[in-house]
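Have the viewer open as you read.

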Amino acid sequence: MGSSRLCSRSACGQQAIATLTYVYADSTAVLGPLATFAEPHCYDLCAQHAQRLTVPLGWEVLRLALPEQGRLRNDDLYALANAVRENEEQPPVVPANETPTARSAPPAIEPGDTQALTRRHLRVLREGTLEP
């Protein structure tokens with residue numbers, strides 16, 4: 001399953017595999033796996049441009065593990081299938097019975113009872129009454 005996003009570098013038509021994000025406060029560039037969604041302040045890079053990335057003097061590059069190019073290997077597919085099977089075999093978790101406790105609610109405000117209110121931006125209406 002491939003990405004439909006292309007490298008952000010001009011004149012590059014390769015498929016993007018990594019996302020570059022800058023953290024200006026820390027003078028750090030973070031290069032990691034391709035983000036799920038395209039963000040306006042991030043750059044998608046192909047394998048070649050991700051490998052050749054350089055940053056300004058005094059900046060640090062934080063490189064996260066990038067996915068290998070190509071399809072998933074067989075052992076990856078088997079691991080995924082086994083994880084799904086294990087999850088299906090586990091019995092569902094039943095929540096513990098809790099005794100409900102009584103809640104105390106503030107008294108309802110009757111329409112027209114404005115003496116106790118300091119701000120009148122909300123009013124309680126009874127069902128069936130129309131607002132004037």
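Start at A29: setting aside residues within four places in sequence, A29 is in contact with L20, T21, Y22, V55, W59, E60, V61 and L62. Keep in mind that this is a predicted model. A29 also belongs to the largest nonpolar core, a set of eleven residues made up of C7, C12, I17, A18, L20, A29, L31, L45, C46, A50 and L53. At least two residues of this core come from strand 1, and at least two from strand 2. As a rule, nonpolar side chains in soluble globular proteins tend to be buried together.

**The overall layout**

Zooming out, the protein has two helices and four strands. The protein has 132 residues, and 14% of them are buried. Among contacts with a separation of 6 or more, 52% are between residues 24 or more positions apart.

In which order do the four strands line up in the open sheet? The order is 3-1-2-4, and the pairing is mixed. The edges are strand 3 and strand 4 (60-63), each of which pairs on one side only. From one strand to the next, the twist averages 25 degrees. In general, strands of a sheet pair through backbone hydrogen bonds, either parallel or antiparallel. Here is how the pairs work out:

| Strand pair | Sense | Bridges |
|---|---|---|
| Strand 1 and strand 2 (residues 28-33) | antiparallel | six bridges |
| Strand 1 and strand 3 (residues 43-45) | antiparallel | three bridges |
| Strand 2 and strand 4 | parallel | four bridges |

Strand 1 and strand 2 make a hairpin, with four residues between them. If you check the turn, S27 has a positive phi of about 50 degrees. For some landmarks on the pairings, T19 stands opposite G32 in strand 2. L20 has Y43 as its bridge partner in strand 3, while L31 has R63 as its partner in strand 4. Both L20 and L31 are also listed in the nonpolar core.

**T19, a polar residue on the inside**

T19 sits in strand 1 (residues 18-23). Is T19 buried or exposed? With a relative accessible area of 6%, T19 is buried, because the cut-off for buried is under 20%. The T19 side chain also makes a polar contact with the side chain of D44, at 3.3 Å. Leaving out residues up to four places away in sequence, T19 touches R5, V30, L31, G32, P33, L34, A35, C42, Y43 and D44.

**The cysteines and H49**

C7 is in no disulfide, and the nearest cysteine sulfur, in C46, is 3.9 Å away. As background, a disulfide is a covalent bond between the sulfur atoms of two cysteines.

C7 counts as buried at 7% relative accessibility, C46 is buried with a relative accessible area of 2%, and C12 is buried at 15%. C7, C12 and C46 are also members of the nonpolar core.

C12 lies in the segment before strand 1. Beyond its neighbours within four places in sequence, C12 is in contact with C7, C46 and H49.

That brings us to H49, which is found in helix 1 (residues 47-51). H49 is buried too, with a relative accessible area of 12%. Its contacts, again leaving aside neighbours within four places in sequence, are C7, R9 and C12. C12 and H49 are 37 residues apart along the chain, and their C-alpha atoms are separated by 9.2 Å.

Conventions: Residues numbered from 1 in each chain as written. Predicted model: local features only at pLDDT ≥ 70, side-chain atom pairs only at ≥ 80, totals over all residues. Heavy atoms only, no water. Buried < 20%, exposed > 50% of the residue type's maximum accessible area, 1.4 Å probe, protein only. Contact = heavy atoms within 4.5 Å. Disulfide = S-S within 2.5 Å. Polar contact = N/O pair within 3.5 Å; in protein donor to acceptor, adjacent residues only side chain to side chain. Pairing = 2+ DSSP bridges. Axes fitted to C-alpha atoms, helices over the stretch in contact; angles between N-to-C directions. Core = buried A, V, L, I, M, F, W, Y, C linked by side-chain atoms within 4.5 Å.
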